[in-house]
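Hi everyone, thanks for coming.

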Amino acid sequence: MKRSAEQLKAKATGTMNSETLSFKKITQNKGSSNQSSSSNKESFQVRFMNILPTPTEFNGYFDRAFSRLPSGVDLMNKAPPKYRPFLQLSRVDKPIGSWLLFLPGAWGICIASPTFSLPSLPLLVAFGAGAVLMRGAGCCINDMYDMDIDRKVVRTRNRPLASGALTLQQATAWVCIQAGISSLILFNLNIGTIVLGIS
């Protein structure tokens with residue numbers, strides 16, 4: 001009887017040991033599979049991040065692309081002398097304001113494009129022209145209001161209105177021309193865009 005009880009105990013402990021060993025193997029396999037999947041994810045993320053340019057590289061690409069574009073000063077100098085005060089009044093020689101107005105809208109147009117397709121080039125051109133014209137009209141209105149103050153400031157006394165290169169009537173006509181062309185661009189777009197543009 002003692003021997004049979006001892007044999008049963010030995011069998012029970014043997015089966016328990018085998019079950020614990022198999023359970024350990026299963027958990028080890030699961031752990032190794034989880035580790036391999038996480039390492040695969042990490043390696044994919046590393047490969048993906050290596051494809052993207054660093055901020056320094058992106059700024060370099062951006063600067064090189066913009067350096068190839070004609071500067072506002074070059075465009076203004078190539079214009080006939082009688083039109084240069086109007087271009088200066090619209091800040092054509094300082095185009096950073098137009099870029100700041102154009103780039104967020106261009107980014108929105110690119111995001112709104114259908115998947116795996118290029119953004120609409122005519123829409124980008126129209127938005128770019130509208131950005132230049134409306135920014136120019138805003139600069140004209142600003143100089144019309146600040147004309148008397150600009151004459152007293154060294155930095156602004158050479159502006160067309162402050163220096164007398166243009167009259168107030170000429171500046172008003174130039175604002176109307178820019179706003180009129182911008183309105184033509186706006187009214188060629190869809191109804192939702194027209195409502196947003198007017199509001």
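Of the 199 residues of this chain, 21% count as buried, where buried means under 20% relative accessible area, exposed over 50%, and partly exposed in between, using a 1.4 Å probe and protein chains only. A word on where this comes from: it is a predicted model, so local features need pLDDT of at least 70, side-chain atom pairs count only at pLDDT 80 or more, and totals for chains, interfaces and linings use all residues. Residues are numbered from 1 along each chain as its sequence is written, and side-chain values use heavy atoms, with hydrogens and water left out.

What about helices and strands? The chain has 10 helices and 0 strands. Both are DSSP runs, numbered from the N terminus: helices are H or I with at least four residues, strands are E with at least two. Along the sequence the pattern reads α-α-α-α-α-α-α-α-α-α. Contacts come up a lot today, and contact means heavy atoms within 4.5 Å. Among contacts between residues at least 6 apart in sequence, 57% join residues at least 24 apart.

Now to helices that pack together. Two packed helices are described by the angle between their axes and the distance between the axes. Axes here are lines fitted to C-alpha atoms, for helices over the stretch in contact, and angles run from 0 to 180 degrees between N-to-C directions.

Take α6 and α9. Their axes come within 9 Å and cross at roughly 155°. The two helices are therefore roughly antiparallel to each other; angles over 145 degrees get that name, under 35 is roughly parallel, 65 to 115 roughly perpendicular, and the rest oblique. The crossing of α6 and α9 is left-handed, which is the term if the near helix is turned anticlockwise from the far one by less than a right angle, and right-handed is the term if clockwise. On the α6 side, the contact includes Ala126, Leu133 and Met144. On the α9 side, Trp174, Gln178 and Ser182 are among the residues involved. By class, the residues of this contact divide into 14 nonpolar, 5 polar and no charged. For the classes, Ala, Val, Leu, Ile, Met, Phe, Trp, Tyr, Cys and Pro count as nonpolar, Asp, Glu, Lys and Arg as charged, and the others, Gly among them, as polar.

Let's zoom in on one residue there. Leucine 133 lies in helix α6, and at 16% relative accessibility it counts as buried. Which residues does leucine 133 touch, leaving aside its neighbours within four places in sequence? They are Gln178, Ile181, Ser182 and Ile185.

Next, α5 and α6. They pack at an angle of about 150°, with their axes 9 Å apart. That makes α5 roughly antiparallel to α6. The crossing of α5 and α6 is right-handed. In α5, Phe102 and Gly105 are among the residues that meet α6, whose side includes Phe127 and Arg135. This contact has 9 nonpolar, 4 polar and 1 charged residues.

On to the rings. A pair of aromatic rings is described by the distance of the centres and the angle of the planes. Rings of Phe, Tyr and Trp (its six-membered ring) pair if their centres lie within 6.5 Å; planes under 30 degrees apart count as stacked, over 60 as edge-to-face and the rest as tilted. How many aromatic pairs are there by this rule? The count comes to 3. Phenylalanine 86 and tryptophan 174 form an edge-to-face pair, 5.8 Å centre to centre with 65° between the planes. This pair links helix α4 (residues 84-89) with helix α9 (residues 168-186), and its partners are 88 residues apart. Phenylalanine 86 is buried at 17% relative accessibility, and tryptophan 174 is buried at 19%.

The rings of phenylalanine 102 and phenylalanine 127 have centres 6.1 Å apart and planes at 40°, so that pair is tilted. Phenylalanine 102 counts as buried at 17%, whereas phenylalanine 127 is partly exposed at 33%. Ring pairs also link Trp99, Phe102 and Phe127 into a cluster.

Finally, a look at a loop. Arginine 91 is found between α4 and α5. Its phi is positive, about 60°, although arginine 91 is not a glycine.
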